[in-house]
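Here are my notes for you, written as numbered points. Keep the picture open while you read.

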Amino acid sequence: MEHDEKLARFRQVHLNPFNKQLGPWQHEKGAGKEALEVASEEALPELPPGEPEFRCPERVMDLGLSEDHFARPVLRQAIQECKQVILELPEHSEKQKDAVVRLIHLRLKLQELKDPNEDEPNIRVLLEHRFYKEKSKSVKQTCDKCHTVIWGLIQTWYTCTGCYYRCHSKCLNLISKPCVRSKVSHQAEYELNICPEAGLDSQDYRCAECRAPISLRGVPSEARQCDYTGQYYCSHCHWNDLAVIPARVVHNWDFEPRKVSRGSMRYLALMVSRPVLRLREINPLLFNYVEELVEIRKLRQDILLMKPYFITCREAMAARLLLQLQDRQHFVENDEMYSVQDLLDAHTGRLGCSLAETHTLFAKHIKLDCERCQAKGFVCELCREGDVLFPFDSHTSVCADCSAVFHRDCYYDNSTTCPRCARLTLRKQSLFQEPGPDVDA
């Protein structure tokens with residue numbers, strides 16, 4: 001019985017790398033290095049007569065105790081050493097059995113830290129998500145499924161290229177939320193009512209996304225309201241992320257970030273550069289109170305008047321001048337549509353400055369640098385004085401019917417019709433006039 005107790009103490013102290021607690025006999029007063037050595041010697045079982053004595057190397061006794069068990073290379077080295085020790089020990093001996101137990105523990109620990117998806121493909125498609133295996137090991141992220149930290153050094157993780165949903169590889173098959181980019185593709189429009197709250201009863205006291213039970217008292221889970229949708233979400237679907245609300249911008253010119261759900265945050269991030277806001281229809285009075293928008297609208301109208309010059313100019317096409325607005329392509333298509341990013345930049349003043357620089361560059365090419373574009377200018381037919389006029393000049397007016405350009409003062413002071421329109425009308429009448437009898441003869 002005493003022999004069995006000594007053997008159990010020996011196993012607990014030396015052979016289990018995951019139980020580093022000292023035994024009760026080690027807490028006695030004055031127990032130090034010498035006491036441990038004496039206890040170890042006393043704990044060694046006596047060999048029966050006839051069996052050869054075998055001394056185990058010191059590295060076997062300390063295997064796994066001083067190593068970092070959260071580093072896979074160290075664990076692999078410890079496993080190889082343990083295998084070598086098992087081969088050196090006598091077969092069916094107690095020491096060999098203890099070494100086998102230790103090897104099992106080390107392998108289990110390595111299995112916990114081992115990358116479970118090293119052989120998985122780099123692309124996975126789930127619920128319209130397109131997941132790519134990330135190669136970055138130093139970036140610290142949070143899993144959107146289990147809400148724990150992703151340790152890129154020892155764990156595999158994926159990111160959706162559409163909505164940037166991140167998760168562990170082990171959480172990949174547990175995802176229940178579809179990709180937000182699909183919603184952007186099918187329904188590219190904003191909720192333009194400010195926080196349209198309906199109440200928890202309309203949601204049956206459940207999360208609007210995962211349908212988990214929620215309540216305002218926090219039992220069983222806290223209900224958090226999304227300022228964009230007006231609905232309530234659980235803490236797993238609403239992380240108190242902040243975002244600018246489009247409805248508050250177009251109605252109140254309010255850019256203060258509000259708390260939104262994870263799904264709303266991704267949707268707003270994907271929609272921020274899409275020109276889907278027609279401000280003249282949504283809130284036409286906004287231009288009366290925001291001077292920046294008035295200036296931007298005038299610059300956009302001038303750029304649309306410059307566009308025909310660039311399309312028919314070889315030098316402008318070779319210089320790719322219109323690519324100056326490649327980030328805001330809708331600026332060369334119309335002057336009505338705006339994106340939330342346009343409004344954000346207008347609020348900070350960046351959009352007005354960049355658009356004014358582009359306007360100056362375009363005007364310089366047409367009026368100074370290119371002779372072909374200069375030849376397409378107009379002379380005021382009402383006063384026939386002054387320099388060559390262009391439709392984007394600030395002191396000119398353009399006829400809505402024939403696009404002729406005049407001095408603004410001349411155009412509004414003239415009580416007659418546009419000279420060019422009158423000339424075109426006479427030309428059409430002469431073309432469609434019936435030929436006379438002399439012509440027939």
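Predicted model: local features only at pLDDT ≥ 70, side-chain atom pairs only at ≥ 80, totals over all residues.

1. Let's start with Asp144, which sits in the loop between strands β3 (141-142) and β4 (149-150). Residues are numbered from 1 along each chain as its sequence is written, and side-chain values use heavy atoms, with hydrogens and water left out.

2. Is Asp144 buried or exposed? Asp144 has a relative accessible area of 4%, so it is buried (buried means under 20%, exposed over 50%, partly exposed in between, with a 1.4 Å probe and protein chains only).

3. Which residues touch Asp144, leaving aside neighbours within four places in sequence? They are Tyr164, Tyr165, Arg166, Trp239, Arg262 and Arg266, where contact means heavy atoms within 4.5 Å. Tyr165 is 21 residues from Asp144 along the chain, yet their C-alpha atoms are separated by 6.6 Å.

4. Have a look at Arg266 too: its side chain makes a polar contact of 2.7 Å with that of Asp144. That term means a pair of N or O atoms within 3.5 Å; within protein, one must be able to donate a hydrogen and the other to accept it, and residues adjacent in sequence count only if both atoms are side-chain atoms.

5. Now for a helix pair. α11 (residues 291-311) packs against α14 (residues 350-369) at about 30°, with the axes 10 Å apart. Axes are lines fitted to C-alpha atoms, for helices over the stretch in contact, and angles run from 0 to 180 degrees between N-to-C directions.

6. Zooming out, the protein has 18 helices and 14 strands. Of its 441 residues, 37% count as buried. Among contacts between residues at least 6 apart in sequence, 59% join residues at least 24 apart.

Definitions and conventions: Helix = DSSP H or I, 4+ residues; strand = E, 2+ residues; numbered from the N terminus.
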